[in-house]
Amino acid sequence: MKDIVIFGVGNIAELAAFYLTRDAGRRVAGFTVDAAYLSEPSWNGYPVVAWEEVEQRFPPGSTDVFVAVSYTKLNKFRRDKVAEARAKGYGIASYVSSRATIFEDFVAQPNQFILEDNTIQPFARIGENVTLWSGNHIGHHSAIAEDTFIASHVVVSGGVTIGPRCFIGVNVTIRDHVTIGADCVIGAGSLVLSDIPDNSVLSPASTEISKVPSHRLRRI
């Protein structure tokens with residue numbers, strides 16, 4: 001199995017290195033970032049090299065790439081780096097937690113990042129470069145298109161379709177057979193009961209602060 005060089009030096013990259021080495025048994029050879037953001041030759045004990053020169057230090061013949069960045073520019077930055085890695089000749093790694101619930105017909109796609117306590121039911125389809133943070137339910141016969149980022153504790157009911165490059169915030173609930181278009185942002189706590197067109201933003205109201213101060217709640 002090839003070593004992995006991780007694109008990114010932020011929190012997600014640090015988490016990716018942790019999961020890939022501790023859970024997946026992969027060897028991380030180093031990190032890489034765009035030259036404009038390269039400030040130190042090492043990070044967390046690993047070498048860091050410029051993305052523009054990564055092939056010289058970590059040749060594609062012996063190294064895969066994993067792009068560990070967030071949903072910057074609605075996932076397009078992560079998508080573009082995966083495409084650039086392919087153009088450089090790299091294979092694209094993926095990570096599916098051993099603590100996720102999947103079934104034998106599930107096949108990991110390039111640059112998927114699927115963390116612990118996700119439940120992916122049979123006949124659900126997850127595209128490449130999709131991040132499922134921890135604790136989500138992905139219902140049967142649902143389809144999540146490529147380059148989407150789903151935060152934690154999201155309920156995707158059966159038969160749901162989510163378009164490419166979406167961001168789904170924490171604690172979102174999506175009713176069965178709903179279709180969410182491309183490039184949508186579904187804010188934390190949203191309850192989605194009907195189809196959502198492309199480029200939509202759902203931003204539910206947050207809970208208001210009560211006018212009653214906590215010291216007056218003597219019985220709690």
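Colleague: In this predicted model, which residues touch the most other members of the largest nonpolar core?

Modeller: Of the 25 residues that make up the largest nonpolar core, I162, I174 and I180 touch the most other members. Leaving aside residues up to four places away in sequence, I174 is in contact with V155, V156, S157, V160, I162, I180 and V192. There is also a second, separate core of 22 residues, and I6, I12, F66 and F167 are among its members.

Colleague: Which residues of α1 are buried, and what do they pack against?

Modeller: The general idea is that an α-helix has 3.6 residues a turn, so residues three or four places apart point the same way. In this structure the buried residues of α1 are I12, A13, A16, A17, Y19 and L20, and they pack against β1 (3-7), β2 (28-33), β3 (42-43), β5 (63-67), β7 (95-96) and β8 (113-114).

Colleague: What span should the 12 residues of helix α1 have?

Modeller: At 1.5 Å a residue, helix α1 (residues 11-22) should span 16 Å, and the distance between its end C-alpha atoms, 16 Å, agrees with that expectation.

Colleague: Where is E52 found, and what does its side chain reach?

Modeller: E52 lies in the loop between β4 (46-50) and α2 (54-57), and because its relative accessible area is 47%, E52 counts as partly exposed. Not counting residues up to four places away in sequence, E52 touches V33, D34, A35 and K88, and the side chain of E52 reaches the backbone nitrogen of A35 at 3.0 Å. The C-alpha atoms of E52 and I150, which are 98 residues apart along the chain, are separated by 30 Å.

Technical notes
Residues are numbered from 1 along each chain as its sequence is written. This is a predicted model: local features need pLDDT of at least 70, side-chain atom pairs count only at pLDDT 80 or more; totals for chains, interfaces and linings use all residues. Side-chain values use heavy atoms; hydrogens and water are left out. Helices (H or I, at least four residues) and strands (E, at least two) are DSSP runs, numbered from the N terminus. Buried means under 20% relative accessible area, exposed over 50%, partly exposed in between (1.4 Å probe, protein chains only). Contact means heavy atoms within 4.5 Å. A polar contact is a pair of N or O atoms within 3.5 Å; within protein, one must be able to donate a hydrogen and the other to accept it, and residues adjacent in sequence count only if both atoms are side-chain atoms. The expected span of a helix is 1.5 Å times one less than its number of residues. A nonpolar core is a set of buried Ala, Val, Leu, Ile, Met, Phe, Trp, Tyr and Cys residues joined through side-chain atoms within 4.5 Å.
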